[in-house]
Amino acid sequence: MKIHIEENKHVYWNPYFGGLILGLVILFTFYITGRGPGASGAFKSTIVTVVNDVAPTHAENNAYYDRFIKKGDSPMNTWLVYEALGLLIGGFLSGALSGRLKLFVEHSPKITSKKRIIVALLGGVFFGLGAQFARGCTSGAGLSGLAVLSLGGFITVLSIFGGGYAIAYFVRKNWI
Amino acid sequence: MSNTYKIKKVVVKTEYKVLAAILIILAGGLVLLPKYEKNSGIKPESFLLNIMSTERYVTTDQIANKMINQDPNLLLIDVRKKEDFDKFSLPNAVNIPLAKVLSSDSEAYLNQDTYDVVLYSNDNCYADQAWQLCNRMGYKHIYVLKGGLNEWFNTIINPQEPKITDSDLAFKDYNFRKAAAMYFGVGNKTNTAPKVKPKRVIKLAKKKKKVAEGGC
Amino acid sequence: MGPLIPNGVIPTEWNFVIAILIGIAFGFTLEASGFSSSRKIAGVFYGYDFAVLKVFFTAALVSMIGIYYMDYFELVNVEQLFVLPTYTWSAIIGGVIMGFGFVLGGFCPGTTLCAAAIGKIDGMATMVGIFIGIFLFSEFYDFIEPLFDGSYLGRITITDSLGISPYWFIFLFTVFAVIAFYFADVIRKRVKKVFY
């Protein structure tokens, strides 16, 4: 069986080193702004803005959108949206520097790319739903919550990994 | 390739052992460092400087002037006991007895940036003590009425007539004080009840420690 | 004395500029550690690549230890930092649902942005999915609201609720994490290798 050796593309940072740098970034964020980085909030702001632009009355009547609509200022004007922009730029930079820019569907050889896209979409739906319940995702609730020892963050992280391991066996065909 | 089912011993690289040791030592250090009570409030040196300066004093003339002009930033606080406050006090003053200056209810009046707070009592003594407590806590815009209510009586309610040889300024002050006395209802020989000026509504905005916004 | 912006040391207008810079650093680190690849991330659930565990725990530890050291040396006031509010049942249910989504999609919102940035189509599909998920949540919010807002315990930390001193908790967490790192390598050696 030929084992083809991967090129430079898959030389990633040592995970401990990556964790160290990430920890320093989070520390820096807390020191300067008093809050930690996050990600799901940017997605939520986008949806709120789009719904507000397309159907303003519906948005006002809905109790959830109403929380985030500010009179006279777009809901997109939040810290997280700018940070998400930075995330896109940073990811692109790193990919470009390591030669990883490529438009393709990454999937296990045991399934087709079509199936992968459908499963990814489904996974995203679950994740979006769950992130609203937990008021954060692994970055916002997990890293930032855990950094200040928040109880909610701790519970969320445990539940995420618990839920993941619980279902991992049943969807293993997608990955291995 | 044959599979042996023994658990292979994982050789941990020395760098990782060092890193793990560093992490544990750092965390252990946090536990072992001596904990001390953190000082909330200003440093002792600045406190001493503040005590020695006389910037905090305001005179009765200044206060009377502000009251006549209905200065909206003025907030008078009487630090005597409640009984004394009920018997007589300056119009639109709030009573916070000295014992309660540090309580959380009074914090709304004292720890804020909207008003200039003037503390007063019969003489300087209680007001100065109250001022020291506030200054130690780092509250800003706190002043003391020099001479307290006794001085108030001597200058505004019952101003002393200046002698012929006194300066022009003394005469101006005297006239001002007489006018102020009229304003405050002195010499109102008729039995009509003094006009009750509408009670000022004091909007309190407690200066909270700013907690960062965040979420999601 | 930190945090700098709430205390006025840096004017608030810089907040958004700093957000972008931090996002760039965050995204760069995530992508360089390999989190733009869903197969690498999903490895933690199947035992062939524990990068998620290592990065996550290391980052959490470094930031925890850093914040509490800075608090000890009076460089930062922990009371002013944002603490995630705790809604018990909402957090548990949200976490479990997110766990399902995590294993199916292989991404979390931060990493989908990195993956989409370098052109992974499954990353973009996950992004669309997240949008749909948020939209569904908001439409059905009226039914979900009591669960969402219930069991509010406030912005408490582990110290407040379990009564452990924060320093001891951090120490125990560190020891636990180091042991977990060791076992991660043990498990990895035993699991069939996966090339991705």
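1. Gln70(B) sits in the loop between α3 (60-68) and β2 (74-78) of chain B. Helices (H or I, at least four residues) and strands (E, at least two) are DSSP runs, numbered from the N terminus. Gln70(B) is not a glycine, yet its phi is positive, about 55°. It counts as exposed, because it has 10 C-beta neighbours inside 10 Å. The cut-offs: buried means 20 or more other C-beta atoms within 10 Å of the residue's own, exposed 12 or fewer, partly exposed in between, with C-beta atoms placed from the backbone.

2. This is a predicted model: local features need pLDDT of at least 70, side-chain atom pairs count only at pLDDT 80 or more, and totals for chains, interfaces and linings use all residues. Residues are numbered from 1 along each chain as its sequence is written, and chains are lettered from A and ligands numbered from 1 in the order in which they are written.

3. Arg135(A) also has a positive phi of about 55° without being a glycine. Its loop joins α6 and α7 of chain A. Arg135(A) counts as buried, with 26 C-beta neighbours inside 10 Å.

4. Chain B holds an open sheet of five strands, ordered β1-β5-β4-β2-β3, with parallel pairing. Pairing requires at least two DSSP bridges between two strands. β1 (57-58) and β3 (93-95) of chain B are at the edges with a single partner strand each, so one side of each lacks a neighbour in the sheet. Val58(B) has Leu145(B) as its bridge partner in β5(B).

5. The contact takes 106 residues from chain A and 112 residues from chain C. Contact means C-beta atoms, placed from the backbone, within 7 Å. α6(A) gives the largest share of chain A's side, 18 residues.

Technical notes. Contact = placed C-beta atoms within 7 Å.
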